[in-house]
Amino acid sequence: MSRYFAVGYFPANQANPTVDLGPRTLLTALRFGNPKNPSQKDFAATFADLLKGVETTEPPSIYHFPYSDATLLVDPFFPEGFRRGFYGPQTSNITITYLEQITSQFKSWVAGVLQNGDIPTSAVFVLQYMFPGLNGNLPRSNDATGWPHADAGHQTLFSPGYSKASTDDLTLKDTATFNQITHKHQATVGGFIADYPNYISPDSTGRQVWGDNLARLIRIKQKYDPLCRIHNGKVFATATCRARGFANVFP
């Protein structure tokens, strides 16, 4: 099962996705049913502890569908034709204060987008809750893999959606603010956790993503690509890549 906390630019009623849009909070829970297990708990029982004491403005909406059709449910949240990004670090502990800060920051970004005459279509900030230690599936040490993730936390994701290029600067600035909130929060609740590589932000440093493995990765890059022929995306700062002007991941 999976659980998501999301604050986004959503309609008041998901059945009318273009009516009464505004910043709203969603709590999403995903349960994988097993028809071969008659003793498996139903949805309500599975998430009873999660939903206990939670006050909502709308009753829960429960959908039943084959896993192969899961993308059909989320397609309306990610319409085509908009400028979109996927950014966010991790944190090992979620607090009410942190959620309040993130929600306030999201509302501030939405207000800025609207003031620019743009529409933050399907923009969302999501917290994906992870089981501690990913049920024993993490590497034993940070140097066992290129990306250090012997320690992993709950994944954050700011996914802005808008139409105008003139909103880019605001979004880049606010993305950095979201990251600062999460990094500062993590410093108070736990140790260093590397940012998830699939959600690298424009302002992320090499240290924030690859930690103490960065120097070793630069040496590997120099050994196997001494001429810096591979230089798309994130390029580790070998001497050759620096000289050719391609390096963008520095120690």
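When I speak of a helix in this talk, I mean a DSSP run of H or I that covers at least four residues, with helices numbered from the N terminus. In that sense tyrosine 98, where I would like to begin, is found in helix α4, and please keep in mind throughout that the model is a predicted one.

Is tyrosine 98 buried or exposed? Its relative accessible area is 1%, and because buried means under 20%, tyrosine 98 counts as buried. Leaving aside residues up to four places away in sequence, tyrosine 98 touches Phe125, Leu127, Thr156, Ile181, Thr182 and His185.

Helix α4, residues 96-115, and helix α5, residues 168-189, have axes that come within 11 Å of each other and cross at roughly 175°. Since angles over 145 degrees count as roughly antiparallel, α4 is roughly antiparallel to α5. On the α4 side the contact includes Tyr98, Gln101, Ile102, Gln105, Phe106 and Trp109, and on the α5 side the residues they meet include Asp174, Phe178, Ile181 and His185.

Now to the aromatic residues, where the count comes to nine aromatic pairs. One of these joins phenylalanine 125 and phenylalanine 178, a stacked pair with 5.2 Å from centre to centre and 20° between the planes. The pair links distant parts of the chain, given that phenylalanine 125 lies in strand β5, residues 124-129, and phenylalanine 178 lies in helix α5, 53 residues apart. Phenylalanine 125 counts as buried at 2% relative accessibility, and phenylalanine 178 is likewise buried, with a relative accessible area of 2%.

A pair of another geometry is formed by tyrosine 196 and tyrosine 199, whose ring centres are 5.1 Å apart and whose planes stand at 90°, so the pair is edge-to-face. Tyrosine 196 is partly exposed, with a relative accessible area of 27%.

Which residues form one aromatic cluster? They are Phe106, Trp109, Phe125, Phe158, Tyr162 and Phe178, and of these Phe106 and Trp109 in α4, together with Phe178 in α5, also belong to the helix contact I described.

Finally, there is a charge placed over a ring: the charged end of arginine 207 sits over the ring of phenylalanine 192, at 4.3 Å from its centre.

Note on methods: Residues numbered from 1 in each chain as written. Predicted model: local features only at pLDDT ≥ 70, side-chain atom pairs only at ≥ 80, totals over all residues. Heavy atoms only, no water. Axes fitted to C-alpha atoms, helices over the stretch in contact; angles between N-to-C directions. Helix = DSSP H or I, 4+ residues; strand = E, 2+ residues; numbered from the N terminus. Parallel < 35°, antiparallel > 145°, perpendicular 65-115°, else oblique. Contact = heavy atoms within 4.5 Å. Phe/Tyr/Trp six-rings, centres within 6.5 Å; stacked < 30°, edge-to-face > 60°. Buried < 20%, exposed > 50% of the residue type's maximum accessible area, 1.4 Å probe, protein only. Lys NZ or Arg CZ within 6 Å of the ring centre and 35° of its normal.
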